[in-house]
Amino acid sequence: CFTMDSYYDYEREFSQLSAEATRSIGQLANVRGEQKKRAIRDVEKLVERLEYTFGDMENAARNSGQVSLQTNITESRALVLAFLLFSAHHPFHLLSI
């Protein structure tokens, strides 16, 4: 059962994961070798967690019936899509190591 509190918990987690993924992607250019491989795997895991957390947010917003949360979901969906498009156009496993 989703509550408003659970929505805000998911939203907070989503925000933290987004910031961490953005920071980690930005740092990929600064590492090489095995460290870069590890960093790439970490970014991929963060993107997966972002997708999962977004799904939880979306379910909580839908179950809340509050229209204002749908706006938040639309904005968050755009961020998830940006991460996914980035990874599709710049596959992490193809970055020079």
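Buried means under 20% relative accessible area, exposed means over 50%, and partly exposed lies in between (1.4 Å probe, protein chains only). The model is predicted: local features need pLDDT of at least 70, side-chain atom pairs count only at pLDDT 80 or more, and totals for chains, interfaces and linings use all residues. Residues are numbered from 1 along each chain as its sequence is written, and side-chain values use heavy atoms, with hydrogens and water left out.

View 1. Helices (H or I, at least four residues) and strands (E, at least two) are DSSP runs, numbered from the N terminus. Along the sequence the pattern reads α-α-α. Of the 97 residues in the chain, 29% are buried. Contact here means heavy atoms within 4.5 Å. Among contacts between residues at least 6 apart in sequence, 75% join residues at least 24 apart.

**View 2. Helix H1 covers residues 4-27.** Its 24 residues reach 35 Å from first C-alpha to last, close to the 34 Å expected at 1.5 Å a residue. The expected span is 1.5 Å times one less than the number of residues. Buried positions in H1 are Ser6, Tyr7, Phe14, Leu17, Ser18, Ala21, Ser24 and Ile25. An α-helix has 3.6 residues a turn, so residues three or four places apart point the same way.

**View 3. Helix H2 spans residues 33-64.** At 1.5 Å a residue, the 32 residues of H2 should span 46 Å. The end C-alpha atoms of H2 are 47 Å apart, which agrees. Buried residues in H2 include Ile40, Val43, Leu46, Val47, Leu50, Met57, Ala60 and Ala61. Lys36, Thr53 and Asp56 are among the buried residues of H2 too. Just after H2, glycine 65 takes a positive phi of about 75°.

**View 4. H1 packs against H2.** Two packed helices are described by the angle between their axes and the distance between the axes. For H1 and H2 the angle is about 155° and the axes are 9 Å apart. That makes H1 roughly antiparallel to H2. Axes are lines fitted to C-alpha atoms, for helices over the stretch in contact, and angles run from 0 to 180 degrees between N-to-C directions. Angles under 35 degrees count as roughly parallel, over 145 as roughly antiparallel, 65 to 115 as roughly perpendicular and the rest as oblique. H1 passes H2 in a left-handed crossing. A crossing is left-handed if the near helix is turned anticlockwise from the far one by less than a right angle, and right-handed if clockwise.

**View 5. The structure holds two aromatic pairs.** Tyrosine 7 and tyrosine 8 form an edge-to-face pair, 5.2 Å centre to centre with 80° between the planes. Rings of Phe, Tyr and Trp (its six-membered ring) pair if their centres lie within 6.5 Å; planes under 30 degrees apart count as stacked, over 60 as edge-to-face and the rest as tilted. Tyrosine 7 is buried, at 0% relative accessible area. Tyrosine 8 is partly exposed, at 36%. The rings of phenylalanine 14 and phenylalanine 54 have centres 6.3 Å apart and planes at 50°, so this pair is tilted. The pair links distant parts of the chain, with phenylalanine 14 in H1 and phenylalanine 54 in H2, 40 residues apart. Phenylalanine 14 is buried at 4%, and phenylalanine 54 is buried at 9%.

**View 6. Leucine 84 sits in helix H3, residues 67-89.** Leucine 84 is partly exposed, at 27% relative accessibility. Leucine 84 touches Val47 and Glu51, not counting residues up to four places away in sequence. The C-alpha atoms of leucine 84 and glutamate 51 are separated by 9.1 Å, and the two residues lie 33 residues apart along the chain.
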